Amino acid sequence: MAGRPVDHQRRAELLDRVVDYTVEHGFNDLSWRPIAAALDVSPTTLVHRFGSKDQMLQDVLARLRERIFAAVGEAADHRPGLAGAARAVWERTSDPRREAEFRLFFAVYGRALQSPRQFSDFLDHVVADWMNSLRDTQGPHADPSTATREATLVIATIRGLLLDLLATGDRARVQDAADHFLSGLQGDL
């Protein structure tokens, strides 16, 4: 079937706009018409660019994951060691300007756990990307099992603190707990 070739640059720009829309509105009622209207494009344009709503959702989740990982990874790259990287991750993820992004992240996480087949790509990366990055921050001479254990604790603790912060809004209490946890990491600066 011949058709117009996909303009990858336009598709990427449109995907970023769909991600922004989804961060603002959530993904439970994601449908062509409201998104198209908000982005000032036709539903046909969305179908042409993404193929199906399922594919659009998968693309949105992949881009959201990329955005979060790139932003936090970039911040962590400027701080040596696990403690420095963990502190950078916490500062970036707990920033109030990122709240909507992480509300969506946790909403997707919960839904993915209920529908693992539909969200397999998300689940394949949601821990692995961070695990690899945080293990790497511990250096090439770190014992692999210890590095994995430490990275697991950092991921679980930061995600738990973020959930608490999003649920309660009690920034002072959660920040105090985060500072206590982060100061206990080996090599804290």
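This is a predicted model: local features need pLDDT of at least 70, side-chain atom pairs count only at pLDDT 80 or more; totals for chains, interfaces and linings use all residues.
Local features are given only where pLDDT is at least 70, side-chain atom pairs count only at pLDDT 80 or more, and totals for chains, interfaces and linings use all residues. Residues are numbered from 1 along each chain as its sequence is written, and side-chain values use heavy atoms, with hydrogens and water left out.

**The chain**

The chain has 10 helices and zero strands; helices (H or I, at least four residues) and strands (E, at least two) are DSSP runs, numbered from the N terminus. Of its 189 residues, 40% count as buried, meaning under 20% relative accessible area, while exposed means over 50% and partly exposed lies in between (1.4 Å probe, protein chains only). Among contacts with a separation of 6 or more, 63% join residues 24 or more positions apart; a contact means heavy atoms within 4.5 Å. The chain exposes about 10,600 Å², with 52% of it supplied by carbon and sulfur atoms, by the Shrake-Rupley method with a 1.4 Å probe.

**Helix H2**

Helix H2 covers residues 32-39, and its Trp32, Ile35, Ala36 and Leu39 are buried. These residues lie on the same side of H2 because they cover an arc of only 100° around the axis, taken from the directions from the helix axis to the C-beta atoms. Arg33 and Ala37, on the other side of H2, are exposed. Asp40 follows H2 and has a positive phi, near 60°.

**Cavities**

A search of the whole structure finds two cavities of 30 Å³ or more. A cavity is a set of points on a 1 Å grid over the protein atoms alone where a 1.4 Å probe fits but cannot get out, and lining residues have an atom within 4 Å of a point. Grid points are joined across faces, edges and corners, and a volume is the space filled by probe spheres set on the points.

| Cavity | Volume | Lining by class |
|---|---|---|
| Largest | about 140 Å³ | 11 nonpolar, one polar, one charged |

Ala, Val, Leu, Ile, Met, Phe, Trp, Tyr, Cys and Pro count as nonpolar, Asp, Glu, Lys and Arg as charged, and the others, Gly among them, as polar.

The largest cavity is lined by 13 residues, and Val89, Thr93, Trp130, Ile158 and Arg159 lie nearest its centre. Helices H5 (81-93), H6 (99-114), H8 (128-136) and H9 (144-168) each supply at least two residues of this lining, and H9 gives the most, with five residues.

The second largest cavity is lined by Arg65, Ile68, Phe69, Phe105 and Trp130. Helix H4 (residues 53-77) provides the largest share of that lining, three residues.

Note on methods: On a 1 Å grid over the protein atoms alone, a cavity is a set of points where a 1.4 Å probe fits but cannot get out, and a pocket is an open set with protein on both sides within 12 Å along at least five of seven lines; lining residues have an atom within 4 Å of a point.
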